[in-house]
Amino acid sequence: MSEDAITRANPSGQNAGRALALLALALGLVALPFLVQAVGQPALVPLATRVLIYAIAAASLNLALGVGGMVSFGHAAFFGVGGYVVGIFYRTYVDDGLFLGLIPGTTQLLVTLPAAILVGGLLACLIGALCLRTSGVQFIMITLAFAQMLFFLFVSLKAYGGDDGMTIRRRNELFGLNTRDDVTFYFICLAVAALVFLALWRIVGSRFGMVLAGIRQNERRMAAIGIAPYRYKLGAFVISGMGTGLAGALMANYLRFVSPDMLHWTKSGELMIMVILGGVGTLLGPLFGAAALVILETVLTSWTEHWQLILGPILLFVVLFTQGGLTGLFDRLGIGRSER
Amino acid sequence: MTLILEQLLNGLQFGVMLFLLAAGLTLIFGIMGVINLAHGSLYMVGAYAAAFAAAQTNSVLLAVLAGLAAAALLGMAMEVFVLRRLYARDHLDQVLATFALILIFNQSVTIVFGRQPLFVSVPPALNGSVELLPGLTYPVYRLIIIAAGLAVALGLYLLINRTRIGMLVRAGATHREMVRALGVDIRLLYTAVFGLGALLAGLAGLMAGPILAVQVGMGEQILIMTFVVVVIGGVGSIRGAFFGALLVGLVDTSLRAFLPGLLRQVMTGSEADALGAGLASMGIYMLMAVVLLVRPKGLFPANV
């Protein structure tokens, strides 16, 4: 988390080379389903979908963790609750009942996604308001505490499947599209991911983002020039929770299943590792990190059941010998050097 | 009444186990500023080494020695080869590195010992129960754990407060740079502290063997609770770790034992059991949240 992490994430620091690389990435992502079809590997489309969904969650976490310096070990809470929003809407729809006697069920993606964002944001507002009274290791642990509380709450909620979770028989609907089709669902996720990354890019480059980065570097100094850090941090934490809730809702649709597993602390750890692996505080780092972790896991699992014995040393290598994760490694290798 | 006393003893026993882990974790964090997620792996390795030695030799003494040695050596190796390079880095890098270590240790243990949990029997000499009070019988083995934990606590107190090494440890926790500037071989001190923390984790692991199943993943379960203890007690404070561990042990055990019963008086059985189990599991996290909201640095903050 050096100074250049900021300039890197700062839109005013971009130039032609970077824009070109971004364009290539975007084109590649759009062309991906057709390419894998052409080489006869259609199973890669769901894999890419999973990468995109995790990228949304990791990028949202990165706003709090990388830009704002708030190391949250409890983002699985927002991820899981986003998923449960989809699940509970679906269950209520099937039962033709009312959730809490008020809210009817639905299977429309245009309702469930905003609802997941809203719930994620509200939850982050509540948790953040309390947790931000602490900092450092205490902050890491108290965010974990709240996530664990929610984990055990959903485990004990027998009405929504408890430990076993619940199945969502059909994916949410969107404009009569066949969301069951993997390619269609991939494009939905890609569109959402593009919007999220665009929004995060704008946020990081805005005055709000600048203040946030300033608070991470020196909170006392920001306070001294008349800025109330608490509000900015809480704001960033809420936005971060909203994005993660959104990713959770997409994941529930992707898997057609939600369970307390989505809220488990290992999921928080996984998201954090994607961010660190990709490069803390960088715009596209979380995407690279998510892709690296998901793809490595998939490839290594297909090779050997002892895949963790290979993944572990790889992660260790990345920490010990690259600074700034994959983005830092790319920089050192001269790829995307123009970024600076 | 005897039921309550028995649960209190169970809570105490769980508490001292947590203390053994938390003491090492809090020392390592307080002195070296490292978040060591792989501390739970040392606990697991201690348990496996002791279980293996016990199965091979049938000797309690050898099993204890094997468990302690394996954990301490592994801990020191970890410090020398990995963590030493990360002291100057961000906490996040330490988290990623120690997470990688967890993957490596878990998988290595799976390859060597398989996925089936090992069951270790209580040493025959300790396999009885004693009647503490009329109507209250309690397993000798658990009493031994409590005694061992309290003895370690006393020993650590004396070590930290009465010896030269303890003085260096305290000085290191307060002001690292100053100790180095005064000409203390800080690298040796770090490795020694890491080894001590690992030794205590191994002790907890080998004692847990006969009570719990020895299996891969046992380290991560208890690791999270250990972090809760460390944060409640105040990061870097041994005294905090001690009282935090007893508090968490007692609260967790009594909630699990009594909450479903209490809830069953107001709702039907199965629902009460599910909700009670959920609430009981939430209990220590609620405790931690409340403690941190009231005292953001924990109950016994170290460096004030």
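In this predicted model, the count of salt bridges between chain A and chain B is 0. The rule for polar contacts finds 2 residue pairs across the interface of chain A and chain B, both at pLDDT 80 or more. Contributing to the contact are 38 residues from chain A and 41 residues from chain B.

On the side of chain A that touches chain B, three helices, H6 (137–156), H11 (265–278) and H13 (308–321), each supply at least two residues. H6(A) gives the most to this side, with 13 residues. The composition of the side of chain A that touches chain B, by class, is tabulated below.

| Class, side of chain A touching chain B | Count |
|---|---|
| Nonpolar | 27 residues |
| Polar | 8 residues |

A separate point concerns helix H9 of chain B, which covers residues 218–233. At 1.5 Å a residue, its 16 residues should span 22 Å, and the end C-alpha atoms of H9(B) are 23 Å apart, which agrees with that expectation. Just after H9(B), B:Gly234 takes a positive phi of about 110 degrees.

Conventions: Residues numbered from 1 in each chain as written. Chains lettered and ligands numbered in written order. Predicted model: local features only at pLDDT ≥ 70, side-chain atom pairs only at ≥ 80, totals over all residues. Heavy atoms only, no water. Contact = heavy atoms within 4.5 Å. Salt bridge = Lys/Arg side-chain N within 4 Å of Asp/Glu carboxyl O. Polar contact = N/O pair within 3.5 Å; in protein donor to acceptor, adjacent residues only side chain to side chain. Helix = DSSP H or I, 4+ residues; strand = E, 2+ residues; numbered from the N terminus. Nonpolar A, V, L, I, M, F, W, Y, C, P; charged D, E, K, R; others polar. Expected span 1.5 Å × (residues − 1).
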